[in-house]
Amino acid sequence: MSGKKGLVILFVVLALFLLITYLLFPGKQQAGGSIKAAAPYSMALRQLPDTTLWKLWWPWAAKGGAANQPEGLIELKGLSETQLVLNWEENGVTIPVLVSLASNGNDSTVLMWSAGWEAGGNPIARIREFARGRRLRNDMQTLLGAFSLYASHPEHAYGFKPVFTRVTDTLLISTKSTFTTEPGMKEIYGMFGSLEKYVAAKRATVTGQPMYHVTASGNVFEAMAALPISKMIEQSGTNRIKRMVDGHLLTAEVKAGPEKLKSLFRQFEQYKNDHQLVSPAIPYLQPITNRLQNPDTAQWVTRMCYPIF
């Protein structure tokens, strides 16, 4: 009788184990989560799939022990207009992970991820796949959390720290020149010098930093230079009065040579577009470092400016 009783108890325990396993560990495993990033949607959608940028925010060390590595191998598999597919692989098992992005206002994006895979009918396999799902969840939350931290800092994502201020120099004297090759600092400072002489001749003073803007149309380059002045003065054929709107100004100071400055200025434009800022006037550059006095381009500091509403 004791033997039969033991078999009954064993059968009951096994039945309870199977019942609990099938109730708690489904045959179709699912995992998912979300992370909010303080970054505009267009920037997140542009930078998250760019694997060349992953090294800038990858949360695990490129080298190191297992303690500092993801549980699984993560790689980009596919990309659509608003989603990307990652493959998460561990011990020969590959799980596709769908990552979706949703705008949460001009300056915020929600990163959502989800995955589903078969665990089979074997109760041991179901428990194993449940544990695998926990490791997947840890990896994905760590991954998207690291991107969120990176994207939330403009100096990481764009290469500069934006500063919002107000226009202080509203009265300008300006001049324009055209060139068949891109004008360098010698030509720009020549325009500044011409304006300074004109201002002095009119018994006015320069009240702030010089500014310039260069546009290109085919092989023709047009440069505009301007100086803030103390009072209204008479215009000439080439020297014209300009008035800036007394409004808001997006600025960023960067240390860069000519080529790097061009790249940063494109990012400056991108920042304005990503944040859906509207401008009433053209952007301009202010050379904080005097280029003629300091020819070392690596030391040049420039303030990028964009009037905005």
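Predicted model: local features only at pLDDT ≥ 70, side-chain atom pairs only at ≥ 80, totals over all residues.
Which residues have the most contacts inside the largest nonpolar core?

1. **Overall make-up.** The protein chain contains seven helices and 13 strands. Of its 309 residues, 39% count as buried. Among contacts in the chain with a separation of 6 or more, 69% are accounted for by residues 24 or more positions apart. The accessible surface of the chain comes to about 17,000 Å², and carbon and sulfur atoms hold 56% of that area.

2. **The largest nonpolar core.** This core has 66 residues. Those with the most contacts inside it are Leu-86, Val-97, Val-99, Leu-136, Met-140, Ile-173 and Met-304. A second, separate core comprises eight residues, including Val-167, Met-211, Met-244 and Cys-305. In soluble globular proteins, nonpolar side chains tend to be buried together.

3. **Surroundings of Leu-86.** With residues up to four places away in sequence not counted, Leu-86 touches Trp-54, Ile-74, Glu-75, Leu-76, Lys-77, Ile-95, Pro-96, Val-97, Val-99, Met-140 and Leu-143.

4. **Thr-109, a buried polar side chain.** Thr-109 lies in strand β5, which spans residues 109-118. Is this residue buried or exposed? Its relative accessible area is 0%, and buried means under 20%, so Thr-109 is buried. A polar atom of the Thr-109 side chain lies 2.8 Å from the backbone oxygen of Ala-39. The backbone oxygen of Pro-40 lies 3.5 Å from a polar atom of that side chain.

5. **Other contacts of Thr-109.** Leaving aside neighbours within four places in sequence, Thr-109 is in contact with Ile-35, Lys-36, Ala-37, Ala-39, Pro-40, Tyr-41 and Ala-44, and also with Leu-101, Ala-102 and Asn-104.

6. **The largest pocket.** The largest pocket has a volume of about 560 Å³. It is lined by 21 residues, of which Glu-182, Tyr-212, Val-214, Lys-262 and Leu-285 are the closest to its centre.

7. **Elements that form the lining.** At least two lining residues of the largest pocket come from each of α6 (185-201), β8 (211-217), α7 (258-274) and β12 (284-287). Which element gives the most to this lining? That element is α7, with six residues.

Note on methods: Residues numbered from 1 in each chain as written. Heavy atoms only, no water. Helix = DSSP H or I, 4+ residues; strand = E, 2+ residues; numbered from the N terminus. Buried < 20%, exposed > 50% of the residue type's maximum accessible area, 1.4 Å probe, protein only. Polar contact = N/O pair within 3.5 Å; in protein donor to acceptor, adjacent residues only side chain to side chain. Contact = heavy atoms within 4.5 Å. Core = buried A, V, L, I, M, F, W, Y, C linked by side-chain atoms within 4.5 Å. Areas by Shrake-Rupley, 256 points an atom, 1.4 Å probe, with all protein chains shown as cover. 1 Å grid on protein atoms, 1.4 Å probe; cavity = no way out; pocket = protein on both sides within 12 Å on 5 of 7 lines; lining within 4 Å. Points joined across faces, edges and corners; volume = space filled by probe spheres on them.
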